[in-house]
Amino acid sequence: MSVSTKQLWDNALDHLRELTGATLYRHSELEARVAELEGELAALKLVYNATTDIDKPAHNAQISSISRQSSTFNVAQDPLVLCVIDGDRLLFDPSLIERGYQGGRQAAQDFTQAIAKELLEQNLTGFERLSFWVTIFLNKRAVFNSLRDDGAPTPEQFEAFLLGFGQASPRFLVVDAGPGRDSTEAKVKEYIKTYIRFPQTLRLFFGGIDEAYLAMYDALDKEDLVQKLVLMEPPSDSFPVIHRMSARTTRFDGLFMAEKVTPWLARRPGPLLGISEASSGVVTNGGLISPQSESQGSMYATPPPNGSSEYLKPIDPTKPLHKQNPPPCNEHYLMTCSKGPNCKYSHDWFLSSEQLEVLARNAKKAPCNYLKNGLPCPHGDRCCWGHVCPSGARCFHLSKGKCWFKGDGMHPPIALQQTVEVA
């Protein structure tokens, strides 16, 4: 039975009405859902904006800090190769030192080439740039005295050598650690403990190691830092402790002295008259010689033990201390001399304990320059110079206006002076 055309059209229209109704219903559902989502989005935006406005400065600062920290760990960009030498224990060959300025520059050049060769042997190549630094710490005066007693260079040659080495490169440094047996050692230890921890440090070469550095080495070994350390061996086996260490070693023949430098024998005896080592770093503004010294006829200095008599001269027992040629430096023996090589008094006498007591008593007869000029003395009771006139308020020269002790309070009443002397 055939279907009429009218019936087909009616069926089609019914189907279209059904589709239209379904579409309109779905459209209304979607519109409602969109409106709901837009409301949620607006709320989220509001919360986000409020949060970022509050935390934005801290957030940016944190990002900047992380960026700076990450940039420092780019070791391949500019690695450091550092060399530090304890010049009190390891020094360049005397044949180079005797050549003065040119010897210093030659030593710097040969040393640089030796380090470059060692880096090549360790396959440390492929870097666009290496930052190479050399630092020598030493007690310059003590080292020179040791070399001089061995018949080595003159003062001019020694100074010129150090100057030539230091001027060979802006990154070559020669540092006078000053007096004190441990001053050089302390600076070298701090240098190594600080710079070996830098992520940029590729290698740290160290020359002059002995038993004094064992504790430091053990601490670095526990932190797995010794892989950066390279120990420089001297020509002879004068540092046997080096064989007890697992760090890499290298030897630069012809550059360094065959024997270990021992400059400390040239120094004066240890702490004197109750002066502690803590006061050894004092810089003074004195420099006056005692106005009068007692006779030394019964105080002849017996040469010191342990072979140090070959470095220090005995006092002439027929002359008082202030008549020796030149007289002993008060500050050198009782405090620390700030004049260095320019001091006109001697640092090379060997003084017995009795002579040191005489030197201390005589020094108190000369006024402290600080108090004399109306300034507070930074050394206090450690100062070797007089803080009060020995004659006190009864000083004859004070009445004439000629007393050396011109500062305020340098002529206290007798009772007060006795209290100060007892204290």
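Colleague: Does C377 count as buried or exposed?

Modeller: Keep in mind that this is a predicted model. Burial is judged from relative accessible area, with under 20% taken as buried, and C377 counts as buried because its relative accessibility is 14%.

Colleague: How many disulfides does the count come to?

Modeller: A disulfide requires two cysteine sulfur atoms within 2.5 Å, and by this rule the count is zero. C377 is in no disulfide, since the nearest cysteine sulfur, belonging to C368, lies 3.9 Å away. The sulfur of C395 is likewise too far for a bond, because the closest cysteine sulfur, in C403, is 3.7 Å from it, although C395 is buried, with a relative accessible area of 6%.

Colleague: Which residues have the most contacts inside the largest nonpolar core?

Modeller: A nonpolar core is read as a set of buried residues joined through side-chain atoms; here the largest has 35 residues, and F92, F111, I115 and F158 have the most contacts inside it. Elements giving two or more residues to this core include β1 (80-86), α3 (100-121) and β4 (201-207), and α3 gives the most, with six residues.

Colleague: What does F92 touch, leaving out residues up to four places away in sequence?

Modeller: Among the residues that F92 touches are I85, A107, F161 and M257. A second, separate core of 22 residues includes V188, Y191, I196 and L220.

Key:
Residues numbered from 1 in each chain as written. Predicted model: local features only at pLDDT ≥ 70, side-chain atom pairs only at ≥ 80, totals over all residues. Heavy atoms only, no water. Core = buried A, V, L, I, M, F, W, Y, C linked by side-chain atoms within 4.5 Å. Buried < 20%, exposed > 50% of the residue type's maximum accessible area, 1.4 Å probe, protein only. Helix = DSSP H or I, 4+ residues; strand = E, 2+ residues; numbered from the N terminus. Contact = heavy atoms within 4.5 Å.
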